Structure formats: C-alpha cells, structure tokens
Amino acid sequence: MHRSFQTDIDVPDIRPTLLSLAALMLLLIPILLLIVNPQKTTYLPLSMSTKSGVPPIAHTGPIEVLKISIDTITGTKSPDPLAKYSMRLEVHRRKSDVRASQGDTEVKIWNFTSRRECMQMLRDIKSFDKARERITVVPSKNLRTSDIVFWMDILRKDNGEDFFPSVVLESSRSDLNLPTIKEDDE
Amino acid sequence: MNLRQRRSFFSKRTSSSDEHLGVAALAPLVDLFTLLVVAILRSSSPEPALQLSDPNTDLPVSLSEMSAEHSVVVEVGPDGIYVQNYRRASTEYWQDQDEILIPELYKEMLRHSGQKTEVRLHFELDWSLVEKILFTLQQAGIKDIDLLAISASSL
C-alpha cells in the first residue's frame, strides 16, 4: 500500500567526489613528472681484496673460503643471455674446529656453465653455513662493468632475501704490490 | 495532479550524459590514476638529474636499492678518468697499460684519503681497467667506495 506521507531517502551522490579526485590526480601526475627525476640511481658497495689491503671479516663457520671465478664463454650464441658465463666455485670447508679462523680444511672445486646450477650449489652452501655473508668474486679480464654489477646483484640477494651481502672483488693478477710512485722533478 | 505525478515533476532528472558518467565508470579511473601516481613516485628520484663529466658514459643497471652520500666523485667514462669533474687521465691509455696503479689518479686521491667516494663506471669498461681504478683508490686510502648505477626500477 502506498503511504501518502512517505519521504524520499536521499542517497548521497559520490560522483562529484570521485570526479574531484580524478581531477586532482590529473593535475598531480604532470606536476610529479615535471618535478621528479625519472632516472633513479642506486649504489653498490665496492671493495677489492688485494695482498696489501684485504678487508677481512673473521668468519668462524664451517666454510672458511668461498670464492667464485667468473669468465665468459666466447662464441656462445645461446638465446639465454645468462648462458654466456662459466663459473668456478671454490670452497674451503673446515674439517675439525669450525670456530677457528684458519684451520684444517678440505678444498672443493666445481665448474659450471649453467648459472642455475651454480646458484643451486651456492644455496646449498648457504644452507650449510647460514651465517656466512661474504663471497669473493674473481672476474676474468673479459668481464665488463655491467657483468660485474649483474653478478653482484644476484649474489647479494636471492629471491628477495639477503644471500651473500658482502661481495668482495679479487683480481686474478699476481702483481698486486704497490709500485713506487715517482715524484715529479722540480 | 496526484502526489506521484508532482513528485516526479520536482525530482532531479538524470540526463543521458550523467548515466554514462556513473560511479562504475569513475571508480576505475580514480584507481588508475592512483596506481599511476604510486608508480611514478616509486620509479623516480627526488634528486636532481645526474650530470656526468663524460657525456658518453652510460652507467650500469642494478637491482640494488641503496642510497648514500659521498664527498668525492670519480668517474671513468670511455674518454677519460675524472675526479670531481676534472679530467686526470685517459681511459684508452690506461686500458692498455700493464701497470695496475694509475699515478695521476693516485696522487689526486691522496688529497681525499679516507673520504666516502662515489665511483661512476661506464657499463662497457673492462674489468682490467676497473681493477686498476679500485686498486689505485684503495692504495690512496679510500676505504668506503660505492658504485653508482641506474636502478632497474627507474623510468
């Protein structure tokens, strides 16, 4: 039955609110594009291990030395850009006293041409020595800056979690002694 | 005229354009703009645009997300090695040299010994030159070295 004195319930119209929000965003986007710098930069800590200046961390876990040597496979035309590297993983595992800084170790060396297999081995090593943070990278002379940055990225973080956050670069050269600097003659 | 007829007479009439601009159409529009604003803020930097000493320098791209402040800038581009925007040595020359220490860079960096240093390296530089740069910096007493790279999340 229709009630004669029934009043209409006003449903608030949210369209003006949404329109003003859209208009605000429409103004905000070009202003942001004008203000901010589209080139976002980041930093990677660099340290190089040399005979005269090694940055040591006393690690007392089961792994004494963890070193990866990276080279390029020349002439490879694989569609996978990651397949162009060859890796040599060297691990010095403590046999007796795992708390000693230097002790009796057994050396294991693996060679890889697949990055996935190498990373899986590194994950196994990490699960074996979870406290280990440092890895030494020995790039070959064929590697470029972009290759080194790529390897530092994948070694520092794995699946969004810290993997080996302390990456130390090491030269394969044996003549890393400080040469004499000749002072300019007056 | 009965009550129903009067009410419809005074009520707001919705035009055909209002029907098209309904809430259902506006809500995704606002969502889209919000996502755009967040994406712009996330993939951009409030810092001023990077000015490189060597215009041919292209920085490498990194997945890292770190910020830092430095007092000394060393740039190695395809053309030359620069310290604080002043050219100190030739990249091409030192690329081919067998010596690992670069005296021009070493002498200059001795003045900045112990300071936090930002290194800008061209992405195609060979490791043989990069190791000379790092070795020289370390020998000059620079302990805190950070490599500048373009963030992978950059626009």
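**Helix α5 of chain B and its packing**

Reply: The model is a predicted one. The buried residues of α5(B) pack against β3 (80-83), β4 (86-90) and α6 (127-139), which also belong to chain B.

Me: Which residues of helix α5 in chain B are buried, and what makes a residue buried?

Reply: L105(B), E108(B) and M109(B) are the buried ones in α5, which spans residues 103-110. A residue is called buried because 20 or more other C-beta atoms lie within 10 Å of its own, and these three residues carry that label.

Me: What puts them on the same side of α5(B)?

Reply: They cover an arc of only 95° around the axis, so they lie on the same side of α5(B). In general, residues three or four places apart in an α-helix point the same way because there are 3.6 residues a turn.

Me: Which residues of α5(B) and α6(B) meet?

Reply: From α5(B), L105(B), Y106(B) and M109(B) meet T136(B), L137(B) and Q139(B) of α6(B). Sorted by type, the residues of this contact are four nonpolar, two polar and no charged.

Me: How do the axes of α5(B) and α6(B) cross, and what is the hand of the crossing?

Reply: The two axes come within 9 Å and cross at roughly 35°. The crossing of α5(B) past α6(B) is right-handed; that name is used because the near helix is turned clockwise from the far one by less than a right angle.

Me: What does the secondary structure of chain A come to?

Reply: Chain A has three helices and nine strands, in the order α-β-β-β-β-β-α-β-α-β-β-β from the N terminus. Of its 186 residues, 21% count as buried.

Terms used
Residues are numbered from 1 along each chain as its sequence is written. Chains are lettered from A and ligands numbered from 1 in the order in which they are written. This is a predicted model: local features need pLDDT of at least 70, side-chain atom pairs count only at pLDDT 80 or more; totals for chains, interfaces and linings use all residues. A residue is buried if 20 or more other C-beta atoms lie within 10 Å of its own, exposed if 12 or fewer, and partly exposed in between; C-beta atoms are placed from the backbone. Helices (H or I, at least four residues) and strands (E, at least two) are DSSP runs, numbered from the N terminus. The arc is that of the directions from the helix axis to the C-beta atoms. Two residues are in contact if their C-beta atoms, placed from the backbone, lie within 7 Å. Axes are lines fitted to C-alpha atoms, for helices over the stretch in contact, and angles run from 0 to 180 degrees between N-to-C directions. Ala, Val, Leu, Ile, Met, Phe, Trp, Tyr, Cys and Pro count as nonpolar, Asp, Glu, Lys and Arg as charged, and the others, Gly among them, as polar.
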